[in-house]
Amino acid sequence: MFPPMNIPTFNITPALSNLDSKLKQLIDNKTKPIGALGYLESIAFKIGRIQHTLTPTLLNPHIVVFAGDHGISNSGVSAYPQEVTYQMVLNFLNNGAAINVFTNQHNIDLTVVDAGVNHDFGTISDTRFVSKKIGMGTRNYLEAPAMTQDELAQAISAGAEICAQIHKKGSNIIGFGEMGIGNTSSASLIMSTLLQLPLEQCVGAGTGLDTIGIQKKRTILQTVLDVHSLNTSDPLNIMQIVGGYELAMMLGAFLKAGELKMLILVDGFIASATFLCAKLLSPAISDYALFTHCSHESGHALLLEECAQTPILDLQLRLGEGTGCALSYPIIDSAIRFFNEMASFESAKVDKKIDEERT
């Protein structure tokens with residue numbers, strides 16, 4: 001699978017390390033039974049492997065929220081009007097959203113990106129706001145592809161550029177969130193097409209549809225699949241036709257973060273569907289990713305299972321915004337702290353398990 005000429009490419013190499021045995025030895029030799037810290041041990045091992053060091057660190061954690069509107073939102077797939085997208089962007093900048101609460105709590109930097117919101121924000125002096133507007137929302141993919149190939153390329157490039165700038169400022173851990181009324185529809189279509197699953201398993205309530213609303217949404221999205229001939233093995237084709245500007249920008253950011261060997265935090269259903277596109281384009285990106293939570297949005301648990309991923313949290317969230325990334329950060333930090341700060345059996349003069357002492 002080769003991307004079109006104007007789509008940027010990324011060189012993501014596997015996180016191979018000759019320190020694997022040493023990392024495992026250090027983890028197993030902490031003052032605890034082997035495996036007693038469960039998934040924290042896997043997280044610490046993964047980060048040590050990514051950073052190729054026996055003293056891993058988390059530097060300048062950052063979350064980027066990409067915002068964009070969707071033409072499909074005016075066709076009855078959402079319980080909220082499209083205007084909520086721009087209103088929530090302003091809410092982010094006024095520190096009034098959940099993502100603000102959690103990033104402030106854990107000292108995580110936040111960037112809010114206008115990828116394609118159907119609103120003129122004018123001049124905003126807030127340094128957290130970045131305007132990379134591709135258009136005033138995507139086209140309604142009931143009628144036409146969501147974006148052109150040039151717009152897709154522009155969005156991917158912009159996402160990569162934003163990630164590179166954050167990395168240049170000293171960040172080695174980055175999470176991505178989104179805001180866009182209608183974007184669970186895009187995520188459902190991406191999941192259904194790439195994993196070749198029926199829509200019924202991929203479509204949920206989104207922003208809060210009732211049973212009738214969910215059935216209407218499924219019917220509309222099935223019509224979309226009937227209208228377009230999506231290439232089930234080409235995530236770029238799928239993103240162009242049924243994606244969103246914010247998802248395409250996130251795709252570029254995911255891929256750039258993998259190329260830069262950053263620790264990537266994957267948020268909920270929408271971010272996971274976008275990450276699936278990234279993984280199919282560059283399989284090695286999975287070496288750099290932690291899936292932060294299992295969303296309560298229908299389809300996410302199955303998507304995680306299909307991708308063989310274990311989420312850090314399961315709090316029945318379905319908000320987006322990168323909230324799962326922010327909430328999981330202190331747990332990831334705890335994994336690094338136990339690895340770097342917890343005593344070994346030798347340093348603490350604590351006896352090992354009897355059968356270990358005999359070997």
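**View 1. Phe66 and its bridge partner in strand S4.** The bridge partner of Phe66 in S4 is Glu178. The model is predicted: local features need pLDDT of at least 70 and side-chain atom pairs count only at pLDDT 80 or more, while totals for chains, interfaces and linings use all residues. Residues are numbered from 1 along each chain as its sequence is written, and side-chain values use heavy atoms, with hydrogens and water left out. Strand S1 (residues 62-68) pairs with S4 in the parallel sense over 6 bridges; two strands pair if DSSP finds at least two bridges between them. Helices (H or I, at least four residues) and strands (E, at least two) are DSSP runs, numbered from the N terminus.

View 2. The structure holds 5 aromatic pairs; rings of Phe, Tyr and Trp (its six-membered ring) pair if their centres lie within 6.5 Å, with planes under 30 degrees apart counted as stacked, over 60 as edge-to-face and the rest as tilted. The rings of Phe66 and Phe176 have centres 6.0 Å apart and planes at 35 degrees, so this pair is tilted. Phe66 in S1 and Phe176 in S4 are 110 residues apart. Phe66 is buried at a relative accessible area of 0%, and Phe176 at 1%. Phe254 and Phe275 form an edge-to-face pair, 5.3 Å centre to centre with 85 degrees between the planes. Phe254 lies in helix H9 and Phe275 in helix H10 (residues 269-281), so the pair ties together parts 21 residues apart in sequence. Ring pairs link Phe66, Phe176, Phe254, Phe275 and Phe291 into a cluster.

**View 3. Helix H5.** H5 (residues 149-168) has 20 residues and reaches 29 Å from its first C-alpha to its last, close to the expected 28 Å, which is 1.5 Å times one less than its number of residues. Its buried residues include Leu152, Ile156, Ile162 and Ile166. Gly170, which follows H5, has a positive phi near 105 degrees.

Terms used. Buried < 20%, exposed > 50% of the residue type's maximum accessible area, 1.4 Å probe, protein only.
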